[in-house]
Amino acid sequence: MKIAFVGKGGSGKTTLSALFIRHLAAAGLPVLAVDADINQHLGPALGLTDERAAALPSLGAHLPEIKEYLRGNNPLIRSAEEMIKTTPPGPGSRLLRIVEENPVYAACARPVALDEGSVRLMATGAFTEEDLGVACYHSKVGAVELLLNHLLDGPDEYLVTDMTAGSDSFASGLFTRFDLTFLVAEPTRKGVSVYRQYKEYAQDFDVHLRVVGNKVQGPDDLDFLRREVGEDLYACFGQSGWVRRLERGDEPPLRELEPPNREVLARLQTAADTAHGLRDPRRYSAQAVRFHLRNAESWGNAKVGTDLAGQVDPDYVLGAGQPRTAGV
Ligand SMILES: Nc1ncnc2c1ncn2[C@@H]1O[C@H](COP(=O)(O)OP(=O)(O)OP(=O)(O)O)[C@@H](O)[C@H]1O
Ligand SMILES: [Mg+2]
């Protein structure tokens, strides 16, 4: 399933996504971790040295090869140059599986060994000052959107994305591409205002949203979140000495995480597993088409010089009739 962590800057998106990833990996489940935040911190949070994290290949830099691979021999997409971030898959397109080897992973994913288990990590690449607010920024996140639209993932396989919150993630259709979005909120007015903003925008797109309180210190914090978030509040992660140890440069093993916090990770997994069962492939593909047509109209057609609506096969549904295991 496809899971995103969003939230206000500093709320704990990276901390909780890294912990969730470690929790899944410790259970022996296949995980593809994706760092799509403006602040690229997921690698270090998974234990990579700064040097190794900085050396991760960037999805943005490999966009042409990614497009070439995904296009396959789809007759509706004449060239990789004509493919934009929202170009949906169709007959002949190549799809990605979580557990397989393919040229996209060879170029862009790197294995990360954890204290229990291991995962594959992909990163959009660092955002520079010039990237923010302009096309380059969106093309980096656009690579993730393309991958998600071409990913066949099953109920026992996880893609976990550390995302950015707020208007940046609404600028593309990326925020609609997940089975479940965890919004990390500190028990503060700013924390819950990001939640309200996200919820309002997400409502129109059927985004499945769950709030995870973080740095919750006692009954007052809990009451505040319950009052402000209501039934969307799904779990609360406490202020954690284990996370502080990590911050100090220790490498605490996952099994030493405070039991109530470990329990929260298990609850997140339950929510994720449930969300997968609720997925509607037809709606997912229709929404991809909707975003593509919208992008085509607003800038894609002009940029590419052709009518990109022709790339759409209206009958194509991701996951319908395609084997989830590579090579079958
Ligand atoms: N439950 C917790 N207990 C103690 N410290 C925490 C907890 N969650 C996060 N922190 C600390 O809060 C800080 C921000 O966390 P983190 O980097 O995960 O947030 P973020 O939302 O990813 O931030 P950014 O927007 O910068 O990417 C870090 O120093 C982290 O160690
Ligand atoms: Mg972060």
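Tutor: The account below begins with the ligand site and then turns to single residues. The model is predicted, and every value given here is computed from it.

The space that ligand 1 takes up is the largest pocket. Around ligand 1 there are 18 residues, and the closest are T14, T15, N214, G238 and S240. By class, this shell comprises 11 polar, 5 charged and 2 nonpolar residues. Several elements contribute to the shell: α1, β9 (209-216), β10 (233-238) and α10 (241-247) supply at least two residues each. The greatest contribution comes from α1, which gives 3 residues.

Polar contacts with ligand 1 can be described atom by atom. In the side chain of K13, an N or O atom is 2.9 Å from an oxygen atom of ligand 1. N39 also has a polar side-chain atom close to an oxygen atom of ligand 1, at 3.3 Å. With S240 the contact involves the backbone: a polar backbone atom of S240 is 2.9 Å from a nitrogen atom of ligand 1. Taken alone, ligand 1 exposes 630 Å², of which the protein buries 83%.

Strand β9, one of the contributors to the shell, also contains K215. The phi of K215 is positive, near 60°, although the residue is not glycine. Most residues other than glycine have a negative phi. K215 has a relative accessible area of 30% and is therefore partly exposed, since this value falls between the limits of 20% and 50%. A further positive phi, near 55°, is found at D206, again a residue other than glycine. D206 is placed in the loop between α8 (189-203) and β9. Its relative accessibility is 52%, so D206 counts as exposed, the threshold being over 50%.

The loop between α1 (13-26) and β2 (31-35) holds A27. A27 is exposed because its relative accessible area of 51% is over 50%. In sequence, A27 and E116 are 89 residues apart, yet their C-alpha atoms are 8.3 Å apart in space.

Finally, H276 belongs to helix α11 (residues 259-277). H276 counts as buried because its relative accessibility, 13%, is under 20%. The side chain of H276 reaches the backbone oxygen of D153 at a distance of 3.4 Å.

Methods: Residues are numbered from 1 along each chain as its sequence is written. Chains are lettered from A and ligands numbered from 1 in the order in which they are written. This is a predicted model: local features need pLDDT of at least 70, side-chain atom pairs count only at pLDDT 80 or more; totals for chains, interfaces and linings use all residues. Side-chain values use heavy atoms; hydrogens and water are left out. Helices (H or I, at least four residues) and strands (E, at least two) are DSSP runs, numbered from the N terminus. Buried means under 20% relative accessible area, exposed over 50%, partly exposed in between (1.4 Å probe, protein chains only). A residue is near a molecule or strand if one of its heavy atoms lies within 4 Å of it. A polar contact is a pair of N or O atoms within 3.5 Å; within protein, one must be able to donate a hydrogen and the other to accept it, and residues adjacent in sequence count only if both atoms are side-chain atoms. Accessible areas come from the Shrake-Rupley method with a 1.4 Å probe; for residues, only the protein chains shown count as cover. On a 1 Å grid over the protein atoms alone, a cavity is a set of points where a 1.4 Å probe fits but cannot get out, and a pocket is an open set with protein on both sides within 12 Å along at least five of seven lines; lining residues have an atom within 4 Å of a point. A molecule sits in a cavity or pocket if more than half of its atoms lie within 2 Å of its grid points. Ala, Val, Leu, Ile, Met, Phe, Trp, Tyr, Cys and Pro count as nonpolar, Asp, Glu, Lys and Arg as charged, and the others, Gly among them, as polar.
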